[in-house]
Amino acid sequence: MRTVIALCLFALSATALAAPRADKVSWTADGKTFDGYLVWDDASKAPRPGLVMVPNWYGVNDKAIAKAKTIAGSDYVVLLADVYGRGVRPANSDEAGKAAGAVYANPDGIRLRVAAALATLRGAGKQAPVDATRIGAIGFCFGGAMALELARSGADIAGVASFHGN
């Protein structure tokens, strides 16, 4: 009986150690460096589908990381993709509007940036348990527009979900 109890406690403690991770990753594209996060639950090493998630116009911030953790759950590896560039983190709607406007002003740059994020996720197999053959993209508002541009570019992805995207 003690052995059964000990095994149950061990199993519960192993589950308690599993947690959503958010590991910073960087890549370059369009002459800039970008900083995003690979997000997944490390309870399992089994490969799982990947999602490029472009956040709303506030970009990569604590709220976006928390949302990526929720979306990743135990089922996905999410790349929370920065499309503004290193150090651009809007603090209010005025700054966000200017940052988003600068990205929209360069349509070719949008495609380069989201393609580089996709390549970063595909190449993350040594860092996170992503199945590079099952990749999609998601985003809300500004992020949804970026996900749609990835689809329009002809990228080899399984699907895109755009919520309120332009």
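**Pocket lining, hairpin and confidence**

User: Which elements each supply at least two residues of the lining of the largest pocket?
Analyst: In this predicted model, a pocket is an open set of 1 Å grid points where a 1.4 Å probe fits, with protein on both sides within 12 Å along at least five of seven lines, and lining residues have an atom within 4 Å of a point. Helices (H or I, at least four residues) and strands (E, at least two) are DSSP runs. The elements that each give at least two lining residues are strand 3 (48–54), helix 2 (62–72) and strand 5 (130–140).

User: Which element gives the largest share of that lining?
Analyst: With a contribution of four residues, the largest share of the lining of the largest pocket comes from helix 2.

User: How many bridges join strand 1 to strand 2?
Analyst: Strand 1 (residues 20–29) and strand 2 (residues 32–41) run antiparallel, and alanine 22 has valine 39 in strand 2 as its bridge partner. In the hairpin that these strands form, with two residues between them, aspartate 30 takes a positive phi near 55 degrees. The number of bridges joining strand 1 to strand 2 is ten.

User: What average pLDDT does the protein chain have?
Analyst: Residues are numbered from 1 along each chain as its sequence is written, and local features need pLDDT (the predictor's confidence in each residue, from 0 to 100) of at least 70. Side-chain values use heavy atoms, leaving out hydrogens and water. Over residues 3–16 the pLDDT is below 50, whereas 89% of the residues score at least 70 and the chain average is 91.

Technical notes. Predicted model: local features only at pLDDT ≥ 70, side-chain atom pairs only at ≥ 80, totals over all residues. Pairing = 2+ DSSP bridges. Contact = heavy atoms within 4.5 Å.
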